[in-house]
Amino acid sequence: MTISLREQFGEFALSADQGRCLGEQVREALQGGEVSVLDFAGIRSVISAFLNPAIGELYGTFPADVVDDRVRVINASPVQEQSVELVRSNARRYYHDPEFRRAQDAALEELFSD
Amino acid sequence: MAQCVDIRRERVSASDRFLLDTNVALDVGSPLGPASPQRRPDYSAFIARAVSAGARLYVSMLSLCEMAHVLEREAYRAHHGQPPASQDELKRFRRESGVREAATARLSNAWQQLTSFAEVLEASVRPDDGTEIITLLRETHLDGYDPLLVLAARRAGIASVVTHDSDFASVRDIIVLTANRKMLL
């Protein structure tokens, strides 16, 4: 299954809600054993707030090698590719290293402790 | 006191201009804590609405430096399982092999994400800014660096700051857009 981000969200993939919407589609595909190809053609801006629920959170449900193999990205710019890879590597560790997870949650708590 | 507005209810138009504070920049631009209950989806939802409406968003170079600081502390905490007990520990950590490279790669990526939808606000400082900074620190609850952000916003004619930091509620003549319930009571 190929999903065009441009068709679904326009040129900007910015919100966690949009990311969650994409994540749900990918989750269903993974449950059916399908490969999801996320097409970034025409996307001007994509941010971690979008990528975390779209891709990162999948690592909390499925084995890391399954997500690595079956969630693919095409036509992304070098920066967008790096953003995806940072979200992937962070999520892999976040869901499998309790100490790392505690550290990140604590860092965010500090950031928003107000 | 600032005028505090619930970011979930703010209507945005093409003529609006907003400055994003560092906490919001980090929330939307860093991959930290994908499932953390601390994440604040209201800010990314607002940014998407603002961009869609044609409003202009800004980030400050000051935020880039603050983000570097936060990401370095987070990396230390992830590596050692606890925050640095002293500045010396943090300094030793940043000299370890690969630490600086990894931290700057993450910082650079976050900054490029932000500047793909927001403009960078000039952070010029003038020789006589000291008096105004001290006045802001005396009259508000801002921390030591944030007066520079307020000055930069004022100079650029930007009245609205998007932040989770309740200190900004104590600044006169600005509009604070926030999801922080403390400021919305």
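Me: Two strands pair if DSSP finds at least two bridges between them. What joins β1(B) to strand β6 of chain B?

Reply: Four bridges join β1(B) to β6 (residues 175-178) of chain B, and the two strands run parallel. B:Gln3 stands opposite B:Ile175 in β6(B). This is a predicted model, in which local features need pLDDT of at least 70 and side-chain atom pairs count only at pLDDT 80 or more, while totals for chains, interfaces and linings use all residues. Residues are numbered from 1 along each chain as its sequence is written, and chains are lettered from A and ligands numbered from 1 in the order in which they are written.

Me: Why are β1 and β4 of chain B called edge strands?

Reply: The open sheet of six strands has the order β1-β6-β5-β2-β3-β4 in chain B, with parallel pairing. Both β1 (3-6) and β4 (119-121) pair on one side only. Neighbouring strands of this sheet are turned by 35° against each other on average, direction ignored.

Me: Why is α5(A) called oblique to α5(B)?

Reply: Helix α5 (residues 78-96) of chain A and helix α5 (residues 99-114) of chain B pack at an angle of about 125°, with their axes 10 Å apart. That angle makes α5(A) oblique to α5(B), because angles under 35 degrees count as roughly parallel, over 145 as roughly antiparallel, 65 to 115 as roughly perpendicular and the rest as oblique.

Me: Which residues of α5(A) and α5(B) meet?

Reply: A:Val79, A:Gln82, A:Ser83 and A:Leu86 meet B:Arg106, B:Asn109, B:Gln112 and B:Gln113 (contact requires C-beta atoms, placed from the backbone, within 7 Å).

How values were computed. Axes are lines fitted to C-alpha atoms, for helices over the stretch in contact, and angles run from 0 to 180 degrees between N-to-C directions. Two residues are in contact if their C-beta atoms, placed from the backbone, lie within 7 Å.
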